[in-house]
Amino acid sequence: MKPKAKIPLVIACVICLVVGILAGYLPGYYSDIQNQGDILTQVSTIDAILGGLYDGVITYGDLKDYGDFGIGTFEGLDGEMVALDGNFYQIKADGVAYPVTDTMTTPFACVIFFDADREIPVGEGMNYTQFQDYLSDAIQEKNIFHAVKIEGTFGYVKTRSVPGQEKPYPPLVEVTANQPTFEFNDIEGTIVGFYCPDYVEGLNVPGYHLHFITADRKAGGHVLEFIIKDAKLSVDYTSELHIILPDTEEFNRLDLTKSRKEELEEAEK
Ligand SMILES: [Zn+2]
């Protein structure tokens, strides 16, 4: 009896192993799971970036399994990333948007499979500050995360990007002190980004963090200011956050105990 009972067990183990391996190696299958989950995936922490940890954590090829929409940066802090409709762009320090290849890596990014839960009307003439005040009144879900997409025509958009850095990497505030900025007037495009609750301090950017890409996908950057002309705002809520931390000596050596709130405010503006 004993040898007979062992055979089905061995077969079951082999089947489990094969299914497990296939699930891990089939990106399509995996991204379907992520898609249904509506999970915000974040790479590293904002304080690690403020501390100058600009080494890539995962490839863009792998990041695509976690979202088709989002923002971030590149190895060495080489520009601003915008992901929209599954297309990933790198806006370099010249303000120009370049396509992102799967082998490029990111030290910090936030992505989601964007699936709008709500559309909220936004008026002509609304600027970034007014937009934040308006949404804090319009949105009840202040303690969960949401992705925002503002698509249309803007009377004005001001963005910045950052030049790629060499090791030893300087802290983010030193890099952004000399950031190139770009201004767009009467421009068609999309603002892509996220709202994070205040309690994420240290982990991500509390409040809004937005990037912009023009409709012709040729330019953009990290949003500093905008004025809406005729645009549609869609919001995708999520109560699930997934974090991919760097598994490196540098990350574990970094002092993440002190508050970098003021540094962040300086670096984001
Ligand atoms: Zn940014």
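I started with the sheet, and found 7 strands forming an open sheet in the order E6-E5-E4-E3-E8-E1-E14, with mixed pairing. Strands here are DSSP runs of E with at least two residues, helices are runs of H or I with at least four residues, and both are numbered from the N terminus; two strands count as paired if DSSP finds at least two bridges between them. The edge strands are E6 and E14 (241-244), each of which pairs on one side only. The twist averages 20° from one strand to the next, where axes are lines fitted to C-alpha atoms and angles run from 0 to 180 degrees between N-to-C directions.

I noted that this is a predicted model, in which local features need pLDDT of at least 70, side-chain atom pairs count only at pLDDT 80 or more, and totals for chains, interfaces and linings use all residues. Residues are numbered from 1 along each chain as its sequence is written.

Next I looked up strand E5 (residues 87-91), where 4 of the 5 residues are buried, so the strand is largely enclosed by the rest of the structure. I took a residue as buried if 20 or more other C-beta atoms, placed from the backbone, lie within 10 Å of its own.

I then followed the partners of E5. Strand E4 (residues 80-84) runs antiparallel to E5 and is joined to it by 5 bridges, with Met81 standing opposite Gln90. These two strands form a hairpin with 2 residues between them, and Asp85 in the turn has a positive phi of about 55°. Towards strand E6 (residues 97-99), I found 3 bridges from E5, again in an antiparallel arrangement, and Tyr89 stands opposite Pro99. The hairpin of E5 and E6 has 5 residues between the strands, and in it Gly95 takes a positive phi near 85°.

At the E14 end of the sheet, I saw that 4 bridges join E1 (residues 40-43) to E14 and that these strands run parallel, with Gln42 opposite Ile243.

Which residues have the most contacts inside the largest nonpolar core? I found Met81 and Tyr89 among them, in a core of 62 residues; such a core is a set of buried Ala, Val, Leu, Ile, Met, Phe, Trp, Tyr and Cys residues joined through C-beta atoms within 7 Å. Leaving aside neighbours within four places in sequence, Met81 is in contact (C-beta atoms, placed from the backbone, within 7 Å) with residues including Ile71, Phe74, Tyr89 and Val100.

Last, I recorded that the protein chain comes to 8 helices and 14 strands, and that buried residues make up 35% of its 269 residues.

Methods:
Buried ≥ 20, exposed ≤ 12 C-beta atoms within 10 Å, placed from the backbone. Contact = placed C-beta atoms within 7 Å.
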